[in-house]
Amino acid sequence: MAREVRFLAPLVLGLTLAPAAPAPAQPQNPAKEQESPQTLQAKARLLQELDRRIEERRRELAQQEESLEALRRAIEAARQALADEAERLEALKREVEQAIVRRQKAEDARLDQIAKVYGAMKPREAAQALEGLGDDMAVAILERLPGRAVGKIFDLMNKDRVRELTRRLEEGRAPSPSAPSR
């Protein structure tokens, strides 16, 4: 069987059992071997084309690198602009909050002064004056008066108006911790 395999292997592989032809003789000096002018021209054109493509690719890569750098700079500038805007808005927010506090203090001082005027009035005069005010202003003044003065003024006012003002006064106050829950 080994003999058959040895015999069939060359046939299967497409080989012949004939001895191989001797290799062509190598020239003694390969530098002296001349290529045809057409082959040299083809090789030169191929090298020129490769050089051209390499240079073109270098230019493309340089352009891409420039584009990426410009994009990076634009992103950094946008990031800085956003940070600057956030800082500006934060400063503006602080200014607005301070302005609100100043305005509230001025409003409180004004209302305190008005309440002093009402507190100095006779209860009948104060009641008549409060009857002509809007609920918000009347409540703001009454909140600043001592309870005894408010009671005297309420005794002289229309009972429906007293109920409404009392309800509004209660809405504006937070329940005290000791007040029983209902």
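Analyst: pLDDT is the predictor's confidence in each residue, on a scale from 0 to 100. The model shown is predicted; local features need a pLDDT of at least 70, side-chain atom pairs count only at 80 or more, and totals for chains, interfaces and linings use all residues. Residues are numbered from 1 along each chain as its sequence is written, and side-chain values use heavy atoms, with hydrogens and water left out.

User: What does pLDDT say about residues 174-182, and how many contacts beyond four places in sequence does the model have for them?

Analyst: Contact means heavy atoms within 4.5 Å. Over residues 174-182 the pLDDT stays under 50, and the model has zero contacts beyond four places in sequence for them. Where pLDDT is low, the predicted coordinates should not be read in detail.

User: Why is Arg 161 called buried?

Analyst: Buried means under 20% relative accessible area, exposed means over 50%, and partly exposed lies in between (1.4 Å probe, protein chains only). Arg 161 has 15% relative accessibility, and therefore counts as buried. This residue lies in helix α6. Apart from neighbours within four places in sequence, Arg 161 has contacts that include Leu 130, Glu 131, Asp 135 and Ala 138.

User: Why does Ala 120 count as exposed?

Analyst: Ala 120 has 68% relative accessibility, so it counts as exposed. Ala 120 lies in helix α2. In space, the C-alpha atoms of Ala 120 and Ala 149 are 9.6 Å apart, although the two residues are 29 residues apart in sequence.

User: Which residues of helix α4 are buried, and what do they pack against?

Analyst: In α4 (residues 135-144), Ala 138, Val 139, Ala 140, Ile 141 and Leu 142 are buried. The buried residues of α4 pack against α2 (37-120), α3 (123-131), α5 (147-155) and α6 (159-172).

User: What makes a set of residues a nonpolar core, and which members of the largest one touch the most other members?

Analyst: A nonpolar core is a set of buried Ala, Val, Leu, Ile, Met, Phe, Trp, Tyr and Cys residues joined through side-chain atoms within 4.5 Å. The largest such core has 17 residues, and those touching the most other members are Leu 130, Leu 142, Leu 145, Ile 153, Phe 154, Met 157 and Leu 165. Each of α2, α3, α4, α5 and α6 supplies at least two residues of this core; α4 gives the most, with four. With its neighbours within four places in sequence left aside, Leu 145 contacts Ala 115, Tyr 118, Gly 119, Val 150 and Ile 153.

User: How do you know that Glu 49 forms a salt bridge with Arg 53?

Analyst: A salt bridge is a side-chain nitrogen of Lys or Arg within 4 Å of a carboxyl oxygen of Asp or Glu. The closest N and O atoms of Glu 49 and Arg 53 are 2.9 Å apart, so the pair meets this definition. Both residues lie in helix α2, four residues apart, about one turn of the helix. An α-helix has 3.6 residues a turn, so residues three or four places apart point the same way. Glu 49 is partly exposed, at 27% relative accessibility, whereas Arg 53 is exposed, at 52%. Glu 49, Arg 52, Arg 53 and Glu 56 are linked in a network of salt bridges.

User: How many salt bridges does the structure hold, and what separates Arg 167 and Glu 171 in helix α6?

Analyst: The structure holds 20 salt bridges. Arg 167 and Glu 171 are four residues apart in helix α6, and are therefore separated by about one helical turn. Their side chains meet in a salt bridge at 2.1 Å, N to O. Arg 167 is partly exposed at 38%, while Glu 171 counts as exposed at 53%.
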